[in-house]
Amino acid sequence: MSFTHSEKERPRAAHFRDSWRNWTRITTVRVIVQTVMFGLFLAFVFLTTFANLDRLPGLRCWVSKMLEIDPLVAVAAAITTHTIYKGLLWSLIILIPTLFLGRFFCNWICPYGTLHQFVGWLFRGAGTEDGARQDSCTSGTFRPPRGADATAGGAPAVTELLQRHPNRYRRYQHVKYYILVAMLVAAAFGTLQIGLLDPICLFYRSMTGVVVPALNMPAPSLLGDYRFHQGAWLIGFLLFGLVAMNLVYPRFFCRVLCPLGALLGLLSRFAWWRIERDPNKCNNCGRCLLHCEAACDPHARLRKAECFVCFNCIEDCPEGALRFALFPAKEHEVTGPDAARRKFIFAGVTGLLFYPFARSSGRVTRDFSSKLIRPPGAVEELEFLERCIKCDQCIRVCPTNAIQPDWFESGLEGLWSPVLNFRMGHCQLHCTACGQVCPTGAIQRISVEEKLGLGEYAERGPIKLGTAHIDMGRCLPHGKNIPCVVCEEVCPTSPKAIYGERVIRTARDGRQIELTIPKVDIDRCIGCGICERECPVVGDRRAIYVTAEGETRSRDYPERDRNRSVRPCK
Amino acid sequence: MADKRLTRRECLTRGAGAVLAAGAAAVGGYLLYDPEGDAGLLKLSDSNARLNNYFAEVDFPASNPRVSIATGDERRIEQMVRAAVGGLDPSLGIKRFVVKDDVVLIKPNVGFDRPPYLGATTHPEVLRAVIRLCKEAGARKIIITDNPIESPRACFAKSGIRQVAEAEGAIIVLPERGRFETLTFRDREPDWRKGEALGRWPILYEPLAEATKVIGVAPIKDHNLCSASMNLKNWYGLLGGRRNLFHQVIHNIVSDLALMMSPTLVIADATRVMMRNGPTGGRVTDVIPGGKLGRAAVIASVDPVACDAWCYQHLLGRDPAKLAYLKLAHEKIQDRIAAGHRRFGQFSWKIYERQGLIVTTSV
């Protein structure tokens with residue numbers, strides 16, 4: 001809405017009235033709401049640190065709120081677990097209004113959607129061929145894109161222009177429904193994969209994995225300590241790639257891939273209100289397409305399941321032919337996604353096959369990885385895969401950087417789920433932050449007493465993440481007659497799980513030397529990994545290392561054949 | 001278009017553009033040329049920074065007590081700290097050590113993520129008393145720092161050190177990147193067989209560079225590897241890098257720390273002595289107030305070596321003659337004293353006792 005020269009010369013009062021109108025426009029209100037929501041999201045991300053939660057315990061129920069209001073998380077987790085975990089009930093505040101208003105979440109609340117819209121707006125301006133094409137659509141100077149045969153002399157018909165507009169509905173937009181159906185069918189079998197593409201999970205994960213660490217590089221301590229995340233490059237590449245798609249295909253992720261958008265699209269089927277075009281007023285100028293975010297065809301029969309309710313079309317219509325109407329005529333809309341039923345069935349079969357394909361590798365049963373050490377309070381692996389949405393909030397909050405995004409340790413299913421790497425950090429004894437921020441209960445909200453087996457938990461004992469093992473060839477006292485035992489020093493249990501055995505050995509030159517040889521008491525070891533982190537024998541594997549064997553969470557599931565080689569602690 | 005003739009102006013500008021770019025490339029290449037191939041490699045910083053002798057400016061009379069013990073009830077920690085420091089100089093007290101406008105670095109032991117009652121870290125009330133003493137002496141700024149084994153923020157919070165520092169207006173300096181600097185402690189590679197450990201090593205230098213006085217406040221703890229973690233071992237918390245390599249020569253490094261750091265004053269916190277399972281502890285039964293002394297105590301000293309020997313004997317009930325790092329530290333400091341440094345470093349507390357340089361107060 002650029003002001004022309006003549007507008008500037010108008011009387012002051014009229015000018016003031018116009019600018020007031022600008023501020024009360026619904027699209028302006030929408031932009032303000034989006035900005036606030038985006039700001040809240042960023043604030044939650046930056047506040048999710050151990051130090052902040054320690055200082056302000058009230059934050060715990062806020063930092064994962066964006067995930068808790070996400071209806072796809074709640075619906076998919078309800079399919080896998082048959083329950084709605086704690087804060088996930090908050091998703092109703094999005095789900096119920098969607099049933100009346102349509103997919104407003106996508107263009108009013110969703111911070112990832114806002115990111116895409118903003119980037120698209122920033123880089124899709126005039127001066128580019130695309131921008132010029134958009135502007136020319138309505139002025140009659142439209143040039144067909146390369147490859148299309150231009151009719152010599154005379155402008156092409158308006159309908160033809162609209163056919164080619166980037167904001168026209170395109171058939172690719174079905175894809176998100178197939179993704180949703182495949183993921184929900186897989187969920188019905190007990191493997192929760194929505195986190196791979198759910199926009200809120202994806203955005204949280206990208207912030208944790210690459211954005212915050214990148215910001216920390218030039219300014220350490222501003223946003224917490226310097227962090228490393230294994231496989232961060234792929235998380236970053238995905239974020240960059242999806243955002244960059246906006247330059248060639250506006251809101252590609254939201255229109256084509258987003259499974260949350262697909263779910264909300266299906267839910268908006270019953271919406272009472274929608275955008276309605278009055279064909280008597282409409283002169284087919286096509287301006288409504290210019291800033292249409294959702295590509296939902298407001299110039300024709302509105303695709304109700306696609307519309308983001310952004311109100312740009314109403315704003316742009318010079319004839320006043322568009323309005324947000326209550327119970328408009330059914331024949332003016334395309335109610336549901338007009339995808340073929342057979343393709344839905346195909347998508348369902350894909351999800352159905354995913355389960356046996358992923359599980360057949362045996363990674364979560366027989367051939368479990370000894371490196372698959374889950375955070376304290378994590379539920380048993382099969383339940384874990386039913387609950388974890390790979391949002392990586394636990395990874396963000398871990399004070400020692402020990403929790404890492406999984407890189408296929410638990411097979412295909414567990415990609416980006418939390419796994420502890422004790423070369424990066426260790427599990428701090430008096431910390432249960434990961435369980436406090438987990439929105440789905442994959443990591444239970446345990447207390448320090450429960451973690452350490454104190455008070456009422458004394459009988460059950462501490463939560464054991466795994467067991468430490470000594471590589472006798474690499475260990476300095478064991479294999480090289482050099483005194484060390486850093487592992488014993490840092491072992492936090494009392495009595496220490498790592499104890500020294502005093503031995504007299506004959507050195508190479510014949511001298512008798514007294515050495516302390518470290519040994520692990522497997523009944524005392526809780527698998528916190530500080531010994532591994534502090535071991536001076538660096539290299540691909542430390543001289544002492546922790547494996548998942550003996551972990552408490554699989555203690556009650558001996559039939560699943562996991563982790564039985566070391567007896568679990570009592 | 002094709003038959004348009006090139007104008008003279010366009011010929012000159014286009015020609016000049018290419019020539020200028022070619023020239024810039026040639027000049028840039030010449031300037032960046034590295035015939036040896038090592039100019040662009042990372043170099044160790046050639047810092048000539050050395051640690052100050054923080055005792056050098058203290059005008060400490062030779063006849064004053066060098067170890068001062070204050071025993072008392074656990075609830076009277078502040079009085080104990082005051083009595084212990086007062087015992088070293090009955091006339092001036094803390095003002096003997098800290099003068100107006102000093103920047104005082106207090107180094108507690110915040111090594112682990114443990115609550116204070118487990119005795120793995122300096123008792124926050126002892127720290128509070130020391131901060132108050134320094135403020136009363138007119139210190140301009142009080143810095144608290146340590147490089148813990150576990151997450152620094154968590155350790156400072158759990159040990160109660162952060163809360164006390166914030167309440168008393170002291171500044172906590174966390175061990176973050178950029179605050180460390182590699183210092184030279186020996187001009188040659190250390191010879192581990194000769195009892196040496198430190199050569200060039202990164203230490204938490206930023207707060208040390210700013211400080212004019214340094215006070216160590218260490219809890220007395222059992223230690224699995226070097227038998228006891230006391231005043232000397234406390235300076236380990238200033239080391240950066242992969243310091244766990246030093247555990248292979250633990251007595252070398254602890255005695256080298258005595259050489260590295262000449263503190264203004266050390267204060268041993270024996271309000272809760274960890275008798276076993278050190279240095280982490282973890283159970284209330286691992287700690288006894290005052291250890292073998294039977295009563296909570298705070299010990300102030302200008303001689304960290306003698307103080308450690310005294311504490312080792314009276315608090316942990318072990319024989320200091322068998323503690324290798326004390327003997328090594330004594331020898332290293334004697335060399336320094338011979339070279340003209342103002343230091344104390346007496347391996348046997350009994351010598352001080354004979355000379356009447358150990359005083360005991362009961363609060």
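Biologist: Thanks! To begin, how many helices and strands does chain A have?

Modeller: The secondary structure of chain A comes to 25 helices and 10 strands. Please keep in mind that this is a predicted model.

Biologist: How much of chain A is buried?

Modeller: Buried residues make up 47% of the 570 residues in chain A.

Biologist: Let us take one residue. Why is Leu289(A) called buried?

Modeller: We count C-beta atoms around its own: 20 or more others within 10 Å make a residue buried. Leu289(A) has 26 such neighbours inside 10 Å, so Leu289(A) counts as buried.

Biologist: Where in chain A does Leu289(A) lie, and which residues does Leu289(A) contact?

Modeller: Leu289(A) is in the loop between β1 (273-277) and β2 (302-303). Leaving aside neighbours within four places in sequence, its contacts are Leu162(A), His165(A), Asn167(A), Arg168(A) and His299(A). Take Leu162(A): 127 residues separate it from Leu289(A) in sequence, while their C-alpha atoms are 8.1 Å apart in space.

Biologist: What share of the contacts in chain A joins residues at least 24 apart?

Modeller: Counting contacts between residues at least 6 apart in sequence, 72% join residues at least 24 apart.

Biologist: Now to the helices. What makes helix α16 of chain A mostly covered?

Modeller: Helix α16 spans residues 259-267, and eight of its nine residues are buried. Those are Pro259(A), Leu260(A), Gly261(A), Ala262(A), Leu263(A), Leu264(A), Gly265(A) and Leu267(A). They pack against several helices of chain A, among them α6, α12 and α13 (199-216).

Biologist: Why are α6(A) and α12(A) called roughly parallel?

Modeller: These two helices pack at an angle of about 30 degrees, with their axes 7 Å apart. Angles under 35 degrees count as roughly parallel, so α6(A) is roughly parallel to α12(A).

Biologist: Which residues meet where α6(A) packs against α12(A)?

Modeller: From α6(A) come Ala76(A), Ile79(A) and Thr80(A), and from α12(A) come Met183(A), Leu184(A), Ala187(A) and Ala188(A). By class, this contact has six nonpolar, one polar and no charged residues.

Biologist: Which residues touch the most other members of the largest nonpolar core?

Modeller: This core has 245 residues, and Val81(B), Ala84(B), Val130(B), Ile267(B), Ala270(B), Val298(B) and Ile299(B) touch the most other members. Its largest share, 10 residues, comes from helix α12 (residues 175-188) of chain A. As for Ile299(B), its contacts beyond four places in sequence include Val67(B), Ala84(B), Ala270(B) and Trp310(B).

Biologist: Which domains make up chain A?

Modeller: Chain A is divided into domain 1 (29-269 + 284-360), domain 2 (374-464) and domain 3 (467-547). The centres of domain 2 and domain 3, taken over C-alpha atoms, are 26 Å apart. Their contact takes 10 residues from domain 2 and nine from domain 3. On the domain 2 side, six residues are nonpolar, two polar and two charged.

Biologist: Last one: how many residues of chain A and chain B are in contact with each other?

Modeller: 30 residues of chain A are in contact with 25 residues of chain B. On the chain A side, α4 (50-55) and α24 (486-490) each supply at least two residues. The largest share of that side, four residues, comes from α24(A). By class, the chain A side divides into 18 nonpolar, seven polar and five charged residues.

Key:
Residues numbered from 1 in each chain as written. Chains lettered and ligands numbered in written order. Predicted model: local features only at pLDDT ≥ 70, side-chain atom pairs only at ≥ 80, totals over all residues. Contact = placed C-beta atoms within 7 Å. Nonpolar A, V, L, I, M, F, W, Y, C, P; charged D, E, K, R; others polar. Core = buried A, V, L, I, M, F, W, Y, C linked by C-beta atoms within 7 Å. Buried ≥ 20, exposed ≤ 12 C-beta atoms within 10 Å, placed from the backbone. Axes fitted to C-alpha atoms, helices over the stretch in contact; angles between N-to-C directions. Parallel < 35°, antiparallel > 145°, perpendicular 65-115°, else oblique. Domains from an automatic or database assignment.
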